[in-house]
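Here is a short briefing to read alongside your model. Have the sequence and the 3D view at hand as you go.

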Amino acid sequence: MANIMSRLTMLHINLIGVGTALILSLILFFALIKPRNEEVQSVQAATKALQDAGGTEEGEAGKKRELASTQKAARLTEANWQVSERKYMPTLNLGDKPEDLLGLYETGAYQTGSRTLGVKDIPFEWSRWVASWYDAQRNLGVARVLGQEFPIAPYPADPNAISNLKSISFPPDKGWPVTVEAKSFNQAMAHLRRFNSMERHGVPVVDNVALAGQSPNLLLSYTMQLFIIPSKAPPAP
């Protein structure tokens, strides 16, 4: 019983660690970068308002110090995000001008090996790639259960839809419910840690992790979703 409790405790620790690593990059962007930029703008506005109102020299100096500190924190947050962006984000070409959208819908949006894909091909390509990522782990003692697929609905047959891709998630609404078979506890934990090396296809976010069964027939289940933030927003329709 003590051994089982020890393994359960280790499982919880591992899952907490994996979850923290997987969501960190997403938090950096959504929860830190945007508020940091807004904070800089707020302090800049307050400094200017104080100057325009003829504030005291001491008051202006305090605001300038606050602005410098806020800008430094914003630069650090941005630098941290850029590290994660280089690791996780794919290079997508969504165009610079509205007239780019028609061509990019068909080709030139994403390069993979010798193939050049259009935006219309991206959902199928990501679904295929995720399945291949799982299948490559068979020789590591982890396999997706029979019937486990990673469907992604195709994009609308309208090039203007590219303009809405300011952020992308696969699947769009909620994560895939995933179940894999693992031969041992350690192999199950290694599988979860392997998400941190799922590079250039978006930030993987894993949630609702559960482990059932006994070695060598363990079932590991969770939800998984990929989040992509293009390096620049697409053009208007």
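Are F195 and Y222 buried or exposed? F195 is buried, and Y222 is buried too (buried means under 20% relative accessible area, exposed over 50%, partly exposed in between, with a 1.4 Å probe and protein chains only). Please keep in mind that this is a predicted model, in which local features need pLDDT of at least 70, side-chain atom pairs count only at pLDDT 80 or more, and totals for chains, interfaces and linings use all residues. Residues are numbered from 1 along each chain as its sequence is written, and side-chain values use heavy atoms, with hydrogens and water left out.

**Aromatic pairs**

- The whole structure holds eight aromatic pairs (rings of Phe, Tyr and Trp, the last by its six-membered ring, pair if their centres lie within 6.5 Å; planes under 30 degrees apart count as stacked, over 60 as edge-to-face and the rest as tilted).
- W126 and F170 make a tilted pair, because their ring centres are 5.8 Å apart and their planes stand at 45°.
- This pair links distant parts of the chain, 44 residues apart: W126 belongs to helix α4 (residues 122-135) and F170 to strand β4 (helices, H or I with at least four residues, and strands, E with at least two, are DSSP runs numbered from the N terminus).
- W126 is buried at a relative accessible area of 0%, and F170 is buried at 2%.
- F195 and Y222 form an edge-to-face pair, with 5.7 Å from centre to centre and 85° between the planes.
- F195 sits in the loop between α5 (185-193) and β6, while Y222 is in strand β7, so their pair ties together parts that are 27 residues apart in sequence.
- One aromatic cluster is formed by W133, Y134, F150, W176, F195 and Y222.

**Strand β5 and its partners**

- β5 pairs with strand β3 (residues 142-144) in the antiparallel sense over three bridges (two strands pair if DSSP finds at least two bridges between them).
- A143 has E181 in β5 as its bridge partner.
- β5 and β7 run antiparallel and are joined by seven bridges, with A182 opposite L218 in β7.

**The β6–β7 hairpin**

- β6 (residues 203-214) and β7 (residues 217-228) pair in the antiparallel sense over 10 bridges.
- Two residues lie between β6 and β7 in this hairpin.
- V205 stands opposite Q225 in β7.
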